[in-house]
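Dear colleague,

Please find the structure below, together with its sequence.

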Amino acid sequence: MSEEKKSLNFIEQIIEEDLKTGLNPEKLRFRFPPEPNGYLHIGHAASICLNFGLGEEYNAPVNLRFDDTNPAKEEQEYVDAIKKDIQWLGFEWDQELYSSDYFQQLYNWAILLIKKGKAYVDDQTSAQIAEQKGTPTKDGEDSPYRNRSVEENLELFEKMKKGDFDEGSHVLRAKISMKATNMLMRDPIIYRVLKRSHHRTGSDWNIYPMYDWTHGESDYIEQVSHSICTLEFKHHRELYDWFLDQVYDENKLRPKQREFARRNLSYTVMSKRKLLQLVEEGIVNGWDDPRMPTISGLRRRGYTPKAIRDFSETAGIAKRDNVTDIALLEFHIKNELNKTAPRVMAVLNPVKLVITNYPEGKEEILIAENNPEDENAGTREMPFSRELYIEREDFREQANKKFFRLKLDKEVRLKSAYIIKANSVIKDENGEITEIHCTYDEDSRSGSGSEASKRRVKGTIHWVSIPHAIPAEVRLYDRLFTDEAPDSHKDKDFKEFINPDSLKIIDNAFVEPSLKPAKIGDQFQFQRLGYFNVDDDSTSDKLVFNRTVPLRDSWAKQNK
RNA sequence: UGACCCAUGGUGUAACGGUAGCACUCCGGUUUUUGGUAUCGUCAGUCAAGGUUCGAAUCCUUGUGGGUCAACCA
């Protein structure tokens with residue numbers, strides 16, 4: 001058995017190196033740390049797959065930690081949605097934790113910082129502080145409050161905590177250097193006054209710790225070995241390490257922050273702020289709109305956990321900015337559904353077809369294969385009759401040889417049924433075809449084994465029997481944006497690239513009767529059309545389908 | 001006029017000083033009762049210039065291009 005050597009991504013290489021230089025494998029621990037201020041998206045999925053994937057690979061625990069230090073933005077609704085999404089993706093966290101669990105510890109450590117002379121209370125306004133901060137190319141200057149005595153700092157910080165000060169009036173800052181080239185090191189704020197109710201700690205606190213002060217210390221408390229975040233936090237690493245230095249005990253594990261490039265997808269945006277905007281402005285119908293790149297949107301659209309995990313695996317991780325082609329995601333869902341989705345027939349743009357030599361009132365049951373890719377999928381019964389619906393695009397009065405579908409005086413096979421020949425059409429006063437009249441070859445029934453059934457005709461089209469057809473609503477989705485990277489244009493707002501045709505609702509589609517009992521979430525291949533699932537809006541009275549992704553269509557391509 | 005990070009086909013990634021590989025996309029052939037699937041194949045890449053070396057995508061230098069950093073957000 002030759003074990004193929006799997007190449008390691010750079011994070012795995014770092015871990016291997018750490019293991020080689022003495023890190024006990026049992027000390028390996030990871031975490032996924034979302035802020036509960038929005039829904040998870042496919043970019044988060046990359047991070048989830050990375051962290052939980054490492055957990056599986058190294059048999060190490062992975063904590064789910066909600067980074068909830070800003071009560072102004074965070075809500076329980078988001079906590080619940082995030083947990084649901086991670087579980088749906090098929091991952092299990094070791095402990096469910098909250099940064100807010102550590103508020104007391106963080107406060108105690110802040111006191112320690114003050115006592116060591118490494119933190120001070122600043123009474124200035126945020127504008128003054130910003131002014132003194134300088135710019136990346138100009139040094140900052142010290143706050144007039146920078147050298148307060150420890151006693152005074154302790155007293156003022158206590159007052160901040162008690163609620164004696166108004167929001168914005170006082171902050172606690174780390175005393176590092178106002179001349180650092182890294183702006184984050186210019187005496188960063190570590191506590192601010194916020195008289196807000198927190199979704200977990202209620203009104204216990206009048207001060208809340210900032211991200212930088214919280215994150216590394218939380219990793220340390222949990223003894224996370226590798227704290228993996230995205231590239232925009234690269235500059236924070238220096239601060240992360242500085243804060244760690246203040247509390248680090250050599251007998252404990254020292255967490256290591258490393259950064260990777262976040263996953264961007266073409267034709268969409270991937271920032272919570274922008275996604276929130278789409279939701280709030282009603283451009284989409286909520287976080288789980290099937291056009292959204294959120295996990296919940298993809299789920300509703302018909303994406304599966306496996307497709308998303310396979311996508312993350314294939315896309316990999318690295319440190320360079322990227323815009324991954326959405327086609328890769330689509331490849332993975334098609335690849336999976338091709339093997340698992342039952343084939344059915346649905347007509348989205350119906351035109352009536354009458355088989356003139358088929359006895360009026362006659363019905364018969366035909367047998368159709370459920371999935372040619374899965375021999376265990378079995379067969380189903382399909383009622384057939386004299387009047388059918390076929391796709392309007394599948395018929396032309398005249399067409400060249402490249403058109404394999406139905407045309408006058410030519411034959412085509414009705415999938416799983418008979419070979420028919422078109423003879424004439426009936427049109428309305430506008431010239432629109434209202435009926436196609438044809439004749440069928442009675443001996444050509446699919447699977448009958450007859451000579452005629454083995455005849456080869458160029459085209460095969462799908463159909464539904466009119467008396468048995470079930471009306472349905474079908475929602476066709478296209479990309480939400482017309483630009484590959486809508487938020488990459490400096491001079492233009494991403495909303496200028498919204499695709500006005502991203503949703504097309506067809507309310508007069510017909511599906512085969514076997515779909516009658518279909519349940520929300522069920523997935524099918526509508527033959528020759530694409531993969532569809534039953535939408536959350538669907539009821540037994542009115543079936544609603546979403547098109548997850550169309551089938552590859554080399555005919556459409558040819559006609560471009 | 002700063003610091004830090006990044007640079008491999010159209011896209012995403014691999015190669016860790018020793019044959020530039022994989023996947024997606026695109027294009028073409030074969031098969032097919034889905035113009036799907038499968039299968040075979042084509043096109044296509046190391047940002048540039050120097051240097052080190054028997055040998056450089058890989059190490060060094062310089063340049064170029066892109067990104068990040070000046071929220072009491074995370």
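**Findings**

Strand β12 (residues 350-355) and strand β15 (residues 387-391) run antiparallel and are joined by five bridges. Strands here are DSSP runs of E with at least two residues, helices are runs of H or I with at least four residues, and both are numbered from the N terminus. Two strands count as paired if DSSP finds at least two bridges between them.

This is a predicted model, in which local features need pLDDT of at least 70 and side-chain atom pairs count only at pLDDT 80 or more, while totals for chains, interfaces and linings use all residues. Residues are numbered from 1 along each chain as its sequence is written, chains are lettered from A and ligands numbered from 1 in the order in which they are written, and side-chain values use heavy atoms, with hydrogens and water left out.

Chain A has a mean pLDDT of 96, and 99% of its residues reach 70 or more; pLDDT is the predictor's confidence in each residue, from 0 to 100. For the complex, the predictor gives an ipTM of 0.97 and a pTM of 0.96.

Buried means under 20% relative accessible area, exposed over 50%, and partly exposed in between (1.4 Å probe, protein chains only).

**Domains and cores**

Chain A is divided into domain 1 (3-260), domain 2 (272-342 + 472-558) and domain 3 (346-462), with bounds that come from an automatic or database domain assignment. The C-alpha centres of domain 1 and domain 3 are 64 Å apart.

A nonpolar core is a set of buried Ala, Val, Leu, Ile, Met, Phe, Trp, Tyr and Cys residues joined through side-chain atoms within 4.5 Å. The largest has 44 residues, and those with the most contacts inside it are F30, I42, I48, F52, L54 and I86. Its largest share, seven residues, comes from α2. Domain 1 and domain 2 both give residues to this core, so it lies between them. Leaving aside residues up to four places away in sequence, F30 touches several residues, including I15, L54, V62, V224 and I228; contact means heavy atoms within 4.5 Å. Apart from this core lies another, of 35 residues, among them Y102, W205, I207 and W242.

**Cysteines**

Zero disulfides were found in a search of the whole structure, a disulfide being a pair of cysteine sulfur atoms within 2.5 Å. The sulfur of C49 has its closest cysteine sulfur in C229, 17 Å away, which is too far for a bond. C49 counts as buried at 14% relative accessibility, and C229 is buried with a relative accessible area of 12%.

Yours sincerely
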